[in-house]
Amino acid sequence: MSKRFVLIFLTLWPFVGGILSFIIGKFNKYFRDYFADIICLIELAIISSCYELIGAEISLNKICGLGLNFKLDGFRFIYCVIISFMWSMTTIFSHEYLEHHRNRNRYYLYVLFTFGSIIGVFLSADLFTTFIFFEMMSLFSYVMVAQDETHEAEFAAQSYLTIAIIGGLATLTGLIFLYAQAGTLEIEKLKLIDVPNKINLYISGVLIFSGFAAKAAIFPAHIWLPTAHTAAPAPSSALLSGLLTKSGLFGILVLSSGIFLHDKKWGLFLLILALITMILGAVLAVFSVNIKRTLACSSMSQLGFILIGISMQCFLGRENDLAVRGTILYMVGHSLIKLILFLCAGVVHMNTHKLNLNDIRGFGRGKKVFLFAFVIGGLGLMGFPFLNGYLGKTLIHESIIEYINELAEGTASFKFMSAGIERFIFQVIEWLFLISGGLTVSYVLKLFVILFIAEPSKEMHIKNKYISFGNALILIISALILPIIGFFPYAVADKIAFISNNFMNGPEHHHFVEYFSAENIEGAVISLIIGTSIYFFTIKDYLMTRNNYECLDLWPVNWNLETKIFRPLLGSVLPFIGALIARLTDFITAEPVSWILSGASKIKFINPPEDLDFGYYQEESKDETAGILLPSSLAYGLMTFAIGLLFVIGYMML
């Protein structure tokens, strides 16, 4: 099989599989389910065997105008393997989860279409190809959110699609602006561009960033994530959280490791958004009383951690090895952790049909497989030593310390502050990083206590066989990967980081990191102590009742950006402004001409009687002598607008 064919096959195969599974589902739904599994497993097998094809490229010219370009490098290889693995696990898990759901044929069709789209995103070699598949992915994944067709699902899907479309339009505008400046959208060439006007480049970058940040749930475009993850089926939530958000980070990495490579101003822009996202997501997770919403807000916070890693790449410049390795390992770790935890949430929902923490208290008691999977996923999310989550978090933390030490020896990055002030600011940032890690520990402890320590509610009736053998095997396999990566960082984690290095333009020289030295474990221990203290002295006393661990929903209802700001803005304010602009445009261009022609009622051709469907669309006036049919005519409106537009163009030319 040629290199050219492999890259095309990897992108198109899920689309072909989606169509075939849809056809098969019309005749046999059980065979369709297994056929969808086979599609995903074939994709996983092929991409896993493509390590020797790293460096392969292919261009499909004249497709979509500028052509489609694909490339396989180390980073793309790693993430395509993870995507295929997670898609295989969630698709198999969906058999039991969706057993009593409607519209499963539609579900598998769009899940596989989304699969092909996200593979296209990560294999793309230029931002135009990235944008094409990114928008396809957004549209296809809309169905994954709206699958259950409940009021909550429809509300969440509206938010998801609205943010996706607005972000996509912003990105497209930025790409057009960037292409006008650089003359190319190829990712490798964008690393070398040098434009005279840096301000225009920043404008392009912010516009492009907006669309990718929306998918990555970066503040303030995070509003879709808590509702979408809560409403979507659990397998879809695992993919939304673990993978679709990473497609947004892919675009941010292209900007930050390419166009704005080692640019500290760009790094500062990312750092501010990262801190807000990291802290706000953790706080929302602490207050949440819904298991999937807690995990969704957790994803928002963890994406903030990753964005800090990307920003530190910009600050550290050519010595950003720790930040580069931390970013890729945190991305990989978060994807695999959220696969486990959302599938655990799926097990809970399959048995209880509930998501509220007060309704699922004590569910995990006596369930060994469920306990094993949740504990491994939870400890990984905490950043507990010897699990994969610890590695990425430690490296990013060490990159912050490295930059603080650089500031102690050199000068400040920005003219408006001294090196001492900047060093103090980054010391505060380091503590915010550790405290946010502590908040992660606290809400994971909260979930653990609710599921495994609290007494089950009287209404809960769980079958003896709460999970099938196949799904139990999926949980065990997915969970075992975390300690394998965590226990063998030099043999597994470092190799993952090193082969991904070129994509992020990391340095050729790599620091040797003693992952389990006392100095490095210290950061994890501090976060564990902070998180345990927050749970026992705040959550346990103020957010839960002492007797039966009942959760209290104390988050103010009015503190909701979506319902209080975004929906009124997008649903009322912007349409009003748009209508006002349209009316003013019509008034400026068409109304003066209307006044001139209003007395010319003898001009019969303006409203031809044989073309009433096009000629006018309002009721005819009873006063036949008034001649007011003219303003009611669509043809008349178009004609007067065109005449007015000619007047404006003539004025501008003169």
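User: Which residues is threonine 440 in contact with, leaving aside its neighbours within four places in sequence?

Analyst: Contact means heavy atoms within 4.5 Å. In this predicted model, threonine 440 is in contact with Gln302, Phe305, Leu381 and Met382. Threonine 440 has its place in helix H16 (residues 419-453); helices (H or I, at least four residues) and strands (E, at least two) are DSSP runs, numbered from the N terminus.

User: Is threonine 440 buried or exposed?

Analyst: Buried means under 20% relative accessible area, exposed over 50%, and partly exposed in between (1.4 Å probe, protein chains only). Threonine 440 has 0% relative accessibility, so it counts as buried. Of the 654 residues of the protein, 56% count as buried.

User: What should I keep in mind about numbering and confidence?

Analyst: Residues are numbered from 1 along each chain as its sequence is written, and side-chain values use heavy atoms, with hydrogens and water left out. Local features need pLDDT of at least 70 and side-chain atom pairs count only at pLDDT 80 or more, while totals for chains, interfaces and linings use all residues.

User: How are two packed helices described?

Analyst: Two packed helices are described by the angle between their axes and the distance between the axes. Axes are lines fitted to C-alpha atoms, for helices over the stretch in contact, and angles run from 0 to 180 degrees between N-to-C directions. Helix H6 (residues 151-182) and helix H8 (residues 198-215) pack at about 155°, with axes 7 Å apart. H6 is therefore roughly antiparallel to H8 (angles over 145 degrees count as roughly antiparallel, under 35 as roughly parallel, 65 to 115 as roughly perpendicular and the rest as oblique).

User: Which residue types make up the contact of H6 with H8?

Analyst: The residues of that contact divide into 13 nonpolar, 10 polar and 1 charged. Here Ala, Val, Leu, Ile, Met, Phe, Trp, Tyr, Cys and Pro count as nonpolar, Asp, Glu, Lys and Arg as charged, and the others, Gly among them, as polar. Glycine 167 is in H6 and counts as buried because its relative accessibility is 6%. Its C-alpha is 3.6 Å from that of glycine 211, 44 residues apart in sequence.

User: Where does the cis peptide bond to proline 220 lie?

Analyst: The bond from phenylalanine 219 to proline 220 is cis, with omega near 5°. Proline 220 lies in the loop between H8 and helix H9 (224-231).

User: What is the phi of histidine 353?

Analyst: Histidine 353 has a positive phi of about 60°, although it is not a glycine. Histidine 353 lies in the loop between helix H13 (321-352) and helix H14 (368-382), and at 60% relative accessibility it counts as exposed.
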